[in-house]
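Welcome to this guided tour! Open your viewer, get ready to select things, and follow along stop by stop.

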Amino acid sequence: MRFFIFLAGAAMAASYVVTWVEPPFAGQEISPSVLIGDRLQGLITEGPWQAWVFLGGFALAGLAALLSLLGRGAGLFAFLAGASPLVLCVHYYLRAEDVRADFGLPFSVNFQDLGQVYDLLGDFIRAGFWMYTGGAAVLLLAGMIATFGRR
């Protein structure tokens, strides 16, 4: 289990600097580190709770990977890191119409129809997104097993 937590945690933490979406849709390569840039300290100190959950997920994933490498219990950190994108997805799924209006997109897209969103973005999604989502899924499952499983 520690090996899976290490790999998934390292992948999720590393996805912070790996390209998630690339041109022509975005205009430039987009990763969390590019989007946040120099505003990291401001987001940590004054950002909304969603920014804390998003950034905290990367930190918890890295911590879970480090603890599993050291042979320590990383189950709770893995669970929390894996749950962070799920919390954000549920929050933004419930607010899909507000989010679309905030983006100011020049075309109509129903963010509650995940199939339509994937059809629109699927060709532009790159490794960072898959590292993040795959790492989070494995961390969530491994964290649940390690934290709440039978002992």
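Before we start, one term: a residue is buried when its relative accessible area is under 20%, exposed when over 50%, and partly exposed in between, with a 1.4 Å probe and protein chains only. The model is predicted, so local features need pLDDT of at least 70 and side-chain atom pairs count only at pLDDT 80 or more, while totals for chains, interfaces and linings use all residues. Residues are numbered from 1 along each chain as its sequence is written, and side-chain values use heavy atoms, leaving out hydrogens and water.

**Stop 1: the whole chain.** Colour by secondary structure. The protein chain has 8 helices and 0 strands, where helices (H or I, at least four residues) and strands (E, at least two) are DSSP runs numbered from the N terminus. Of its 151 residues, 32% are buried.

**Stop 2: Ser-84.** Select Ser-84, which sits in helix α5 (residues 75-94). Is Ser-84 buried or exposed? Ser-84 counts as buried because its relative accessibility is 5%. Now show its neighbours: leaving aside residues up to four places away in sequence, Ser-84 touches Met-12, Val-53, Gly-57 and Tyr-132, contact meaning heavy atoms within 4.5 Å.

**Stop 3: two helices.** Next, select α1 (residues 2-14) and α8 (residues 127-148), whose axes come within 8 Å and cross at roughly 145°. Such axes are lines fitted to C-alpha atoms, for helices over the stretch in contact, and angles run from 0 to 180 degrees between N-to-C directions. Show side chains: among the α1 residues that meet α8 is Met-12, and Tyr-132 is among those on the α8 side.
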